[in-house]
Amino acid sequence: MNDFPKNFLWGGAVAAHQIEGGWNVDGKGLSIGDVMTNGGNGIARQITKGVEDQYYYPNHEAIDFYHRYREDILLLKELGLKVFRTSIHWSRIFPLGDEQEPNEQGLQFYDDLFDALLENGIEPVITLSHFEMPYHLAETYGGFKDKRVIEFFAHYAETVMHRYKDKVTYWMTFNEINNQADGQHDLHTWTNSGILFEDNETESEKEAIIFQASINELIASAKAVQLGKIINPDFQIGCMMAYVPIYPYSSKPEDQMAALKVMQRRFFYSDIHVRGTVPAYAKKRWLQKGINIDLSAEEEKILQQGTVDFIGFSYYMSGTTTTIETVDGQPISDFEHSKMLTNPYVASSDWGWQIDPVGLRYTLNIVYERYGLPLFIVENGFGAYDDVHEEIIQDNYRIDYLAAHIIQMKLAIVEDGVDVLGYTTWGIIDIVSFGSGEMDKRYGMIYVDKDNQGHGTLKRKKKASFHWYQKVIATNGEDI
Ligand code: BG6
């Protein structure tokens with residue numbers, strides 16, 4: 001098989017709120033991640049009104065990257081990373097979110113961090129908002145429900161893109177913006193758009209709210225793209241999607257339609273990011289549901305003019321849907337009400353995520369055919385319980401997962417001709433889980449001594465996967 005492209009961007013990925021800690025130092029404001037308590041495997045995190053004494057908030061200290069990044073970067077260098085994906089904590093730069101003047105100490109932190117990466121031969125790849133809106137914007141404005149937040153984001157984006165114009169080339173606007181597509185899940189609507197639903201809101205009202213907030217967020221993203229291109233025409237600015245391919249369970253035509261419809265809900269976001277227009281299926285949905293979207297002609301123009309250069313995406317698992325089953329004893333009447341079920345042909349992780357490496361090759365093909373833009377896999381990883389008592393953590397399950405996915409990515413590039421810019425494994429160093437707030441859902445190749453209750457020395461230690469990935473990168477994917 002031919003090689004990976006010579007300049008392939010092998011890397012690792014994290015997000016500011018899951019790694020930095022330092023939640024209230026050097027002028028940083030409260031962020032929406034700072035009010036999320038710890039949950040557990042199958043136990044939801046709570047979102048509190050401000051910070052309350054009786055709760056533990058794992059992101060407050062995280063792994064203290066804020067104070068330890070220099071030693072961590074030395075490990076990343078030893079690993080051989082070409083790129084390191086992280087995010088800028090919006091509330092370090094604008095503590096409340098609606099100020100005019102940025103917080104210089106916050107800006108200086110990222111100057112120092114990016115310099116340290118570059119000095120060690122690692123290029124930063126930056127997400128502007130990875131679930132990190134300032135809490136004040138969610139509390140006072142209702143997040144992206146309010147169009148004023150578009151301007152606050154654009155001002156923030158312009159400020160940091162200007163400041164780091166010579167240090168960062170690859171940018172992404174909103175992490176996994178399409179997670180809120182289902183509109184039901186508190187954690188997703190909160191982290192994507194800063195929205196918490198009221199108890200008395202109906203499903204239809206929630207759908208309308210999420211569509212409007214999503215449109216506002218997409219306008220904010222398009223503005224950031226436009227501003228970025230003025231600041232530095234060489235910038236490569238992408239979107240960031242969570243791609244979870246949904247398979248039809250059977251060859252029943254309604255199952256095919258069901259899978260297509262579930263996929264459209266999530267493609268809605270990249271369709272607008274890439275094509276700059278609202279897809280016909282969404283307009284029809286709005287009409288049928290009586291949803292009035294506030295989108296002016298001027299805003300439509302912004303969407304058209306702020307399309308992205310590449311598509312960054314996360315890939316962890318696939319899903320399966322059917323109309324064959326019954327729901328509450330009743331047959332499913334149509335594909336609009338299909339039911340998700342466990343795919344009997346793939347295994348699951350301890351958190352029930354369906355492990356499907358071939359699904360990555362499938363996704364790369366589907367997305368590349370749909371848009372024809374370069375793709376960047378900016379998250380892929382295996383959350384697992386590690387045996388932390390071992391001298392060297394033998395995380396062969398993690399190596400198996402990653403190797404199987406890298407092989408499928410290679411097939412997509414070499415056999416199918418998909419243009420892939422790079423691959424950054426998720427949680428290259430152990431971090432706080434987004435979904436559960438646990439430390440013990442570990443993704444890292446570098447172990448961090450800290451447990452779910454926040455105890456531990458924070459010492460770092462290489463796992464077996466560290467040495468394996470080092471070899472993958474050194475051979476440019478020849479030795480997997
Ligand atoms: C993605 C997010 O949803 O998946 C990350 O972009 C997150 O922030 C990752 O950490 C894995 O999810 P979790 O819940 O296992 O941390």
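Polar side-chain atoms of glutamine 18 and of glutamate 379 each lie 2.8 Å from an oxygen atom of the ligand. For tyrosine 316, an N or O atom of the side chain is 3.5 Å from a ligand oxygen. Taken alone, the ligand exposes 380 Å², of which the protein buries 95%; accessible areas come from the Shrake-Rupley method with a 1.4 Å probe, and for residues only the protein chains shown count as cover.

The model is predicted: local features need pLDDT of at least 70 and side-chain atom pairs count only at pLDDT 80 or more, whereas totals for chains, interfaces and linings use all residues. Residues are numbered from 1 along each chain as its sequence is written, and side-chain values use heavy atoms, with hydrogens and water left out.

UniProt, in an unreviewed entry, places the feature "active site" at Glu379; such positions are given in the numbering used here, feature names are shortened, and annotations may be inferred rather than shown by experiment. Glutamate 379 is found in strand β14 (residues 375-379). Helices (H or I, at least four residues) and strands (E, at least two) are DSSP runs, numbered from the N terminus. Glutamate 379 counts as buried because its relative accessibility is 4%, the classes being buried under 20% relative accessible area, exposed over 50% and partly exposed in between (1.4 Å probe, protein chains only). Residues up to four places away in sequence aside, the contacts of glutamate 379 include His130, Asn175, Glu176, Tyr316 and Trp426, a contact meaning heavy atoms within 4.5 Å. The side chains of glutamate 379 and arginine 85 are joined by a polar contact of 2.9 Å. A polar contact is a pair of N or O atoms within 3.5 Å; within protein, one must be able to donate a hydrogen and the other to accept it, and residues adjacent in sequence count only if both atoms are side-chain atoms.

In helix α11 (residues 297-305), Glu299, Ile302 and Leu303 are buried. They lie on the same side of α11 because they cover an arc of only 100 degrees around the axis, taken from the directions from the helix axis to the C-beta atoms. Ala297 and Glu298, on the other side of α11, are exposed. The buried residues of α11 pack against α8 (203-231) and α9 (253-275).
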